[in-house]
Amino acid sequence: MSIPTTQLGTHGPVVGVQGLGCMGMSEFYGPTDTAEALATLDAALDLGVTLFDTADVYGSGANEELIGPFVRANRDQVVLATKFAIERRADDPTYRGVRNDAAYVRTAVDASLRRLGVDHIDVYYMHRRDPAVPLAESVGAMAELVRAGKVRHLGLSEVTGDELREAYAVHPIAALQSEWSIFSRDVEQTAVPAAAELGIAFVPYSPLGRGFLTGAFAAAEQLSADDYRRHHPQFSGPNAAGNAALVAPIQKIAAGRGVSAAQIALAWVHQRAEVHGLTVVPIPGTRKRTRLAENTAAATLVLTSAELAELEPIAGHVAGNRYADMTFTSAGRE
């Protein structure tokens with residue numbers, strides 16, 4: 001059965017109420033099975049998932065190249081989202097820079113279009129904000145891409161409420177993509193209210209706490225050596241044990257419902273739409289068809305007020321930041 005659809009904010013396209021994050025198909029979460037990942041893309045479309053999310057930084061362009069053939073084969077159905085702003089260097093695998101200047105925007109979009117093999121991007125996000133570059137310059141350059149037909153809709157990621165308003169004054173913004181989950185709620189301070197006020201959809205990434213909320217792992221040491229989650233403070237050292245204990249109410253509710261912890265965590269995110277009065281389209285990432293079916297089933301799962309009350313305090317007890325360096329997150333600039 002297909003998941004319901006919604007409009008991606010006042011200015012965006014119609015999409016399935018749950019999207020698919022494609023990042024892990026190329027990098028960051030340890031070894032991947034490419035054939036299964038590609039099969040997951042096809043299965044997602046069959047289930048009504050139409051928003052597919054990638055970025056030029058994922059695999060240094062490899063993720064865009066991976067999903068390109070799928071996007072081209074299903075172009076009329078797929079709502080393609082990709083991002084620019086995080087710069088990597090071939091001679092230094094650890095380097096991450098943030099570029100928002102107009103010249104970089106123009107170069108980045110052409111590179112993404114080439115890798116994807118398409119003539120336009122449906123939703124083009126500024127992946128991270130460099131406060132040293134005026135938003136008028138960055139969003140102004142992105143607006144030029146809309147006028148040129150290279151991009152249909154604009155999005156931002158990890159910006160504050162004030163930054164969102166400032167950007168919107170330059171050009172309509174369809175979606176704001178930032179981390180939002182039972183574990184991570186700092187966006188509710190200013191970003192969520194601003195998005196609701198402006199009619200901008202919220203696209204939560206890592207709605208499953210990078211797998212931590214599902215019980216897939218309880219500490220960084222359980223992950224493969226090349227898994228980037230090993231560097232997240234919430235999953236490391238003394239923080240890990242305390243945070244793992246916080247998952248217990250999610251697991252308890254899931255057991256009582258006869259569903260998975262992932263489904264409870266996703267249902268919570270979906271219900272933020274009603275709580276805050278805005279469109280919410282989470283993009284859980286997965287590389288497996290079985291997990292995909294599990295995740296999409298949560299799109300119509302409704303938690304009771306008692307269950308929501310039990311989950312409400314969790315975020316306030318989480319130990320550690322969601323990134324080792326919070327400089328380029330919205331919370332780091334609040």
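Predicted model: local features only at pLDDT ≥ 70, side-chain atom pairs only at ≥ 80, totals over all residues.

Colleague: Which residues of H1 are buried, and what covers them?

Modeller: Buried means under 20% relative accessible area, exposed over 50%, and partly exposed in between, with a 1.4 Å probe and protein chains only. In H1 the buried residues are Glu 36, Ala 37, Ala 39, Thr 40, Leu 41, Ala 43, Ala 44 and Leu 45. Their cover includes strands S3 (20-21) and S4 (51-53), together with helices H2 (62-73) and H11 (289-297); contact here means heavy atoms within 4.5 Å.

Colleague: What is found at the start of H1 and just after H1?

Modeller: At the start, a side-chain oxygen of Asp 33 comes to within 3.1 Å of the backbone nitrogen of Ala 35. A polar contact is a pair of N or O atoms within 3.5 Å; within protein, one must be able to donate a hydrogen and the other to accept it, and residues adjacent in sequence count only if both atoms are side-chain atoms. Just after H1, Gly 48 has a positive phi of about 95 degrees.

Colleague: Why can the buried residues of H8 be said to line one face of the helix?

Modeller: In helix H8 (residues 248-257), Pro 249, Ile 250, Ile 253 and Ala 254 are buried. Seen down the axis of H8, these residues fall within an arc of 135 degrees, so they line one face of the helix; the arc is that of the directions from the helix axis to the C-beta atoms. Lys 252, Ala 255 and Gly 256, on the other side of H8, are exposed. Helices H7 (237-246), H9 (261-270) and H12 (305-311) are among the elements covering the buried residues. Just after H8, Gly 258 takes a positive phi of about 75 degrees.

Colleague: Is Arg 129 buried or exposed, and what does its side chain meet?

Modeller: Arg 129 is in the loop between strand S8 (121-126) and helix H4 (135-147), and is buried, with a relative accessible area of 7%. A polar atom of its side chain lies 2.6 Å from the backbone oxygen of Val 133. The side chains of Arg 129 and Glu 163 are joined by a polar contact of 3.5 Å. Leaving aside neighbours within four places in sequence, the residues in contact with Arg 129 include Val 98, Asn 100, Phe 328 and Arg 333.

Colleague: How does a cavity differ from a pocket, and how many cavities of 30 Å³ or more does the search find?

Modeller: On a 1 Å grid over the protein atoms alone, a cavity is a set of points where a 1.4 Å probe fits but cannot get out, and a pocket is an open set with protein on both sides within 12 Å along at least five of seven lines; lining residues have an atom within 4 Å of a point. Grid points are joined across faces, edges and corners, and a volume is the space filled by probe spheres set on the points. The search of the whole structure finds 1 cavity of 30 Å³ or more. The largest cavity has a volume of about 40 Å³, and its lining includes Glu 179, Ser 184 and Arg 210. Ser 184 is buried, with a relative accessible area of 4%; Ser 184 touches Glu 179 and Arg 322, not counting residues up to four places away in sequence.

Colleague: Which element gives the most to the lining of the second largest pocket?

Modeller: That pocket holds about 260 Å³ of space, and helix H3 gives the most to its lining, with 5 residues. Of the 14 lining residues, Asp 56, Ile 86, Arg 88, Tyr 104 and Arg 115 lie nearest the centre.

Colleague: Where is Ser 206 found, and what is its phi?

Modeller: Ser 206 is in the loop between strand S11 (201-205) and H7. Its phi is positive, at about 50 degrees, although Ser 206 is not a glycine.

How values were computed
Residues numbered from 1 in each chain as written. Heavy atoms only, no water. Helix = DSSP H or I, 4+ residues; strand = E, 2+ residues; numbered from the N terminus.
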